[in-house]
Amino acid sequence: MMMIALVGFAFTSISQQYANGGVYMEAITKEYKKIQSDMWDYTNAAAHGKSAKTVEKKRSELVQTTYAAKGKVKRMQPYEGNTAYRDSVVSFLNMYYMVLKEDYANIVDMEEIAEQSYDLMEAYMLAKEGANNKLSAASEMLSTEQEKFAKEYEIDLITTEDDLSKKMAKADEVYSYYNVIYLVFFKSYIQDIYLTEAIAKGDVSAIEQNKSALSMTADEGLAKLKTMRSYDGDMSVVQACQDMLKFYKDEADNKVKDITNYFLKAENFATIKKSFDQKKDKDRTQEDIDQYNAAVNDSNDAGTKYNEVTAVLNKGRADKLDNWNRTVSKFTDKHVPKGNAK
């Protein structure tokens with residue numbers, strides 16, 4: 001939001017509660033500036049990984065203080081009968097109040113289930129974006145009314161961005177960039193979870209279905225990442241996401257076939273063993289014995305390969321995810337402003 005710095009006044013003192021329009025503006029500004037400062041502390045705590053309990057406590061407190069500030073401004077007298085600026089601040093604070101009370105409450109609920117599917121994650125991130133857009137629109141509206149009020153009462157103003165506004169704008173910019181990459185990452189990440197669950201169940205049909213889907217999402221993601229520019233010269237998150245997607249692509253196209261083969265060999269062995277066990281020793285032919293032994297060997301070989309591939313995938317997945325998480329943490333720590341608002 002663009003903040004207004006008061007420079008001087010083009011008139012003498014007015015005989016009323018406020019000496020002049022500048023003093024009136026300052027009195028109102030003080031009320032919503034504190035709310036903006038607290039809002040930054042809240043979003044900053046959420047962005048930098050504070051506990052959900054701590055963040056939710058901050059939100060609850062901010063809901064109450066915003067409501068109180070809104071009421072205080074609403075009770076202020078108009079300036080020379082003009083209620084436009086006062087009412088615009090009330091509207092601004094009301095938007096903050098509603099976003100905090102309703103939008104962010106829904107976002108907190110959505111966060112708990114967001115990782116269950118790509119659609120839920122996308123909806124969660126769109127909800128956050130929508131809430132931020134509402135706050136930005138409210139800030140723009142307020143800036144317009146500030147300028148109108150200053151012009152009407154001949155208050156000389158310089159439009160400047162204060163430290164808090166710069167921090168908020170920078171954080172929005174960083175997360176707008178990061179969120180695009182995160183959704184690319186998450187689309188394959190959740191698909192890999194579905195594939196892993198299918199493997200755990202030994203469901204060959206589901207394995208094949210999710211393997212194909214993972215290969216496709218990895219291809220789509222890698223293609224999209226090629227169009228991504230760096231953020232302030234920093235390509236670290238893009239590169240970490242590329243590494244993750246390349247792992248998923250290799251898993252789907254090359255590694256999973258050995259896992260599928262194991263289940264097929266194990267199923268074949270179970271069928272042959274059942275038939276073999278149903279025959280008495282005297283009724284078993286050499287062909288039956290050879291077929292049984294071959295099935296044992298195939299199943300054992302496939303099991304050995306399954307264990308090898310699973311170990312490679314587990315380690316590779318853990319390493320790549322760890323690199324992704326560390327890279328994201330470093331990226332946000334580097335580019336998102338820290339500290340309490342001043």
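Q: What makes a run of residues a helix here?
A: Helices are DSSP runs of H or I with at least four residues, numbered from the N terminus. This is a predicted model. Asn268 is found in helix H7, which covers residues 236-277.

Q: How many helices and strands does the protein have, and which pattern do they follow?
A: The protein has 8 helices and 2 strands. Along the sequence they run β-α-α-α-α-β-α-α-α-α.

Q: Why is Asn268 called partly exposed?
A: The relative accessibility of Asn268 is 39%. Buried means under 20% and exposed means over 50%, with partly exposed in between. Asn268 therefore counts as partly exposed.

Q: How do you know that the length of helix H5 agrees with its number of residues?
A: H5 covers residues 163-201, which makes 39 residues. At 1.5 Å a residue, H5 should span 57 Å. The end C-alpha atoms of H5 are 54 Å apart, so the two values agree.

Q: What follows H5?
A: Gly202 does, and its phi is positive, near 70°.

Q: Why is Ser188 called buried?
A: Ser188 is found in helix H5. Its relative accessible area is 0%. The cut-off for buried is under 20%, so Ser188 is buried.

Q: What is Ser188 in contact with, beyond its neighbours within four places in sequence?
A: Contact means heavy atoms within 4.5 Å. By that rule, Ser188 is in contact with Leu214, Thr217, Ala218, Leu245 and Tyr248.

Q: Is Asp192 buried or exposed?
A: Asp192 also has its place in helix H5. Its relative accessible area is 2%. That value falls under the 20% cut-off, so Asp192 is buried.

Q: Which residues is Asp192 in contact with, leaving aside its neighbours within four places in sequence?
A: They are Leu214, Tyr248, Glu251 and Arg317. As for Met216, it is 24 residues from Asp192 in sequence and 12 Å away in space, C-alpha to C-alpha.

Q: How do you know that the length of H6 agrees with its number of residues?
A: H6 has 22 residues, so at 1.5 Å a residue it should span 32 Å. Its end C-alpha atoms are 31 Å apart, which agrees.

Q: What do the buried residues of H6 pack against?
A: They pack against H5 and H7. Among them are Ala206, Ile207, Leu214, Thr217, Ala218 and Leu225.

Q: What makes the phi of Glu80 worth a look?
A: Most residues other than glycine have a negative phi. Glu80 is not a glycine, yet its phi is positive, about 50°. Glu80 is found in the loop between helix H2 (52-74) and helix H3 (84-113).

Q: Why is Glu80 called partly exposed?
A: Its relative accessible area is 45%.

Q: Why is Asp232 called exposed?
A: Asp232 has a relative accessibility of 63%. Exposed means over 50%, so Asp232 counts as exposed.

Q: Where is Asp232, and what is its phi?
A: Asp232 is found in the loop between helix H6 (204-225) and H7. Its phi is near 55°, a positive value in a residue other than glycine.

Q: Why is Thr304 called partly exposed?
A: Thr304 has its place in helix H8, residues 286-335. Its relative accessibility is 44%. Exposed needs over 50% and buried needs under 20%, so Thr304 counts as partly exposed.

Q: How many residues of the chain separate Thr304 and Tyr79?
A: They are 225 residues apart in sequence. In space they are 83 Å apart, C-alpha to C-alpha.

How values were computed. Residues are numbered from 1 along each chain as its sequence is written. This is a predicted model: local features need pLDDT of at least 70, side-chain atom pairs count only at pLDDT 80 or more; totals for chains, interfaces and linings use all residues. Side-chain values use heavy atoms; hydrogens and water are left out. Buried means under 20% relative accessible area, exposed over 50%, partly exposed in between (1.4 Å probe, protein chains only). The expected span of a helix is 1.5 Å times one less than its number of residues.
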